[in-house]
Amino acid sequence: MHAFQVLFFKELRSFFFSSTAYVVIALFTFLNGWLFVGMVRAMQTHASPGSLIHNLLGSGWFWMGYLVLFPLITMRLFAEERKMGTIEGLFTAPVRTSEVLLAKYAASIVAYAAILLPLFLFFPAFYLITGEAGAFHSGAVIGSAVGLFLVGVFHLSIGIFASSLTANALVAAMMTFAMVMLHYFLGFLQNFGIIPDSMWSEFINYFSTVRHMEFLTEGLIDSRPVFYYISFSVVLLACTHHVLESRKWRS
Amino acid sequence: MIQAKSLTKRYSGRTAVDRISFEVEKGEIVGFLGPNGAGKSTTLRMLTCFLSASDGTATVAGFDIARDSLKVRQVIGYMPENVPLYPEMRVREYLCFRARLKGMRYRESISAVAEAMDTCSLQGVERKMIGTLSKGYRQRVGLADALVHKPELLILDEPTNGLDPSQIRQARDLVKELGEKHTILISTHILNEVEMTCNRVIIINQGKIKASDSPSTLIRRLHRPGQVSLEAIADSGALGKLRTIPGVSEVTSSETDDGWTRFQLTSNAECDVREPVFALATECGWRVRQLEMRRPSLEDAFVDLLTNEQSETASAD
């Protein structure tokens, strides 16, 4: 536990003491701000059944920016340690592999939350300025936060896994991006000639982030996506643990 | 302190470390010597639990490296080859991080870091970023890292690699000083360093231990012909006269730039021919300005061991 704490704070420092963190936060917030304004304008003229946050998070533009975050957050985690050789100092200190892994993972979740935080400040700010509370409701905000947390935790575990596989941060970033995109587009297979409500369609729906988010952003928290994302994250973390341990016996 | 029993590391199709067994007693400074690729780093990495052994076991301070790896790592202060450090951290920050990672509380770590920085003379640079430091300072930061949690055993993998001669001398003195408090296992290929600092040398080549003894015994065990050189102004029959000295097997001569003659005498390993040579010189009235015997060094012992090895394998083929 002690080692976990020390490593967790070290990772947080190395994230927040670098300028890239703020560039990423600023860019992502700017992108979403633009999208937010556009969405508000669109909803002024066109009636929409969904709330503002539902429409915002349902937009493909949001996802384009969002999916790029994960390689940026996770690419260095283990790849950099391997490249610099510091991994040797790390694992010859009296610490468990699991402590190192979980500390890095937890720190990446905090970094991810910090990047998303401004987005969630848009809504209270909008309310304060316009006095218009109807554009969003608490259920939608909580559901969206839970959804983004789940999807984020899952994507971060993909990223940390990719980072443990290579000594090159760029390769780790590309692997993460490819895997994250692949998973995201799995949900769109629906649009390519698959009969609605068939077995295949149900199967694909189970993997579809878009579909999960559709319900979550309306405030409908289903246990299936919760189980889906958490269990996949656990599996990926176990794989990462195994990769890290494999250095001992691999040739 | 360390007991290794037939420790083996096999990579696919290649045995990097082949059933090596050795012991290191508490308080010893042991040099781990071998050419590049001999398996030194692999052995040290197995002892520090970074790699696991394919076969065999080792205990460090009574703890098994496979079963009690956390306890083993607690008693070891390890400085890896090439001293990997985080370039974006400051020296004191880094050492504090390492001290706490190795299980120290915040308060303990502050005094421990101050002490380690003092031992490694890092006071001037404590607030500098590691990335901006020179090689010599980085090496010292690595060493301070290794000893910050006051380990019983220090394992240093090529600590003087890439240092300049004066830094090497400083590092050597530091290692000697640390040897008073810690048991040290040090891997290197700089031989005179080992000769000066270590109580015992383990020579390893192609994954096997070739010799394990004190430097002076290793040198004594060398059966090298004695080499004596004499610089003199002598008469023309000198070469013949020198050859008649019992024990001398070969004499060559060469002219120096300033008109003196240098004689190189080769003799049997056991007999010291300096005295008869001097007696002959005085008898014949030669003017002598130098009479010297070249002593074999650890380097000779090392090269000898390795070349024997090569010729053995060559003849086996």
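Modeller: From the N terminus on, the elements of chain A run α-α-α-α-α-α-α-α-α-α-α-α. This is a predicted model. Chain A has 12 helices and 0 strands. Chain B has 11 helices and 14 strands. The radius of gyration of chain B is 25 Å, well over the 20 Å that the globule rule gives for 317 residues, so chain B is more spread out than a compact globule. Its C-alpha trace spans about 80 × 50 × 30 Å along the principal axes.

A compact globule of 251 residues would have a radius of gyration near 18 Å, and the 20 Å of chain A agrees with that. The C-alpha atoms of chain A fill a box of roughly 60 × 45 × 30 Å, again along the principal axes.

Now to the sheets of chain B. Take the one with 4 strands. It is open, with the order E2-E1-E4-E5, and its pairing is antiparallel. Strand E2 (14-24) and strand E5 (63-64) of chain B stand at the edges. Each has a single partner strand, so one side of each is left without a neighbour in the sheet. Strand E1 (residues 2-11) of chain B pairs with E2(B) in the antiparallel sense, over 7 bridges.

Strand E7 (residues 153-157) and strand E8 (residues 183-188) of chain B pair in the parallel sense over 5 bridges. Within that pair, B:Leu153 is bridged to B:Thr183 of E8(B). E9(B) and E10(B), by contrast, pair in the antiparallel sense, over 5 bridges. B:Asn205 stands opposite B:Lys208 in E10(B). E9(B) and E10(B) form a hairpin with 2 residues between them. In that turn, B:Gln206 has a positive phi of about 50°.

Helix H1 (residues 40-47) of chain B belongs in both pictures. On the 4-stranded sheet, H1(B) lies across E1, E2 and strand E4 (55-60) of chain B, running at about 120° to E1(B).

Next, the helix pair of chain B. The axes of helix H3 (residues 91-101) and helix H4 (residues 106-119) of chain B come within 9 Å and cross at roughly 125°. That angle makes H3(B) oblique to H4(B). The crossing of H3(B) and H4(B) is right-handed. H3(B) brings B:Arg92, B:Leu95, B:Cys96, B:Ala99 and B:Arg100 to the contact. H4(B) brings B:Tyr106, B:Ser109, B:Ala112, B:Val113, B:Ala116 and B:Met117. The residues of this contact divide into 8 nonpolar, 1 polar and 2 charged.

The contact between the chains takes 22 residues from chain B and 19 residues from chain A. Helix H2 (69-75) and H3 of chain B each supply at least two residues of the side that touches chain A. That side of chain B divides into 12 nonpolar, 6 polar and 4 charged residues.

The axes of helix H4 (residues 60-74) and helix H8 (residues 138-165) of chain A come within 9 Å and cross at roughly 40°. H4(A) and H8(A) are therefore oblique to each other. H4(A) passes H8(A) in a right-handed crossing. From H4(A), the contact uses A:Phe70, A:Pro71, A:Ile73 and A:Thr74. From H8(A), it uses A:His155, A:Leu156, A:Ile158, A:Gly159, A:Ile160 and A:Ser163. These residues divide into 6 nonpolar, 4 polar and no charged.

Notes:
Residues are numbered from 1 along each chain as its sequence is written. Chains are lettered from A and ligands numbered from 1 in the order in which they are written. This is a predicted model: local features need pLDDT of at least 70, side-chain atom pairs count only at pLDDT 80 or more; totals for chains, interfaces and linings use all residues. Two strands pair if DSSP finds at least two bridges between them. Axes are lines fitted to C-alpha atoms, for helices over the stretch in contact, and angles run from 0 to 180 degrees between N-to-C directions. Angles under 35 degrees count as roughly parallel, over 145 as roughly antiparallel, 65 to 115 as roughly perpendicular and the rest as oblique. A crossing is left-handed if the near helix is turned anticlockwise from the far one by less than a right angle, and right-handed if clockwise. Two residues are in contact if their C-beta atoms, placed from the backbone, lie within 7 Å. Ala, Val, Leu, Ile, Met, Phe, Trp, Tyr, Cys and Pro count as nonpolar, Asp, Glu, Lys and Arg as charged, and the others, Gly among them, as polar. The radius of gyration is taken over C-alpha atoms; the globule rule is 2.2 Å times the number of residues to the power 0.38.
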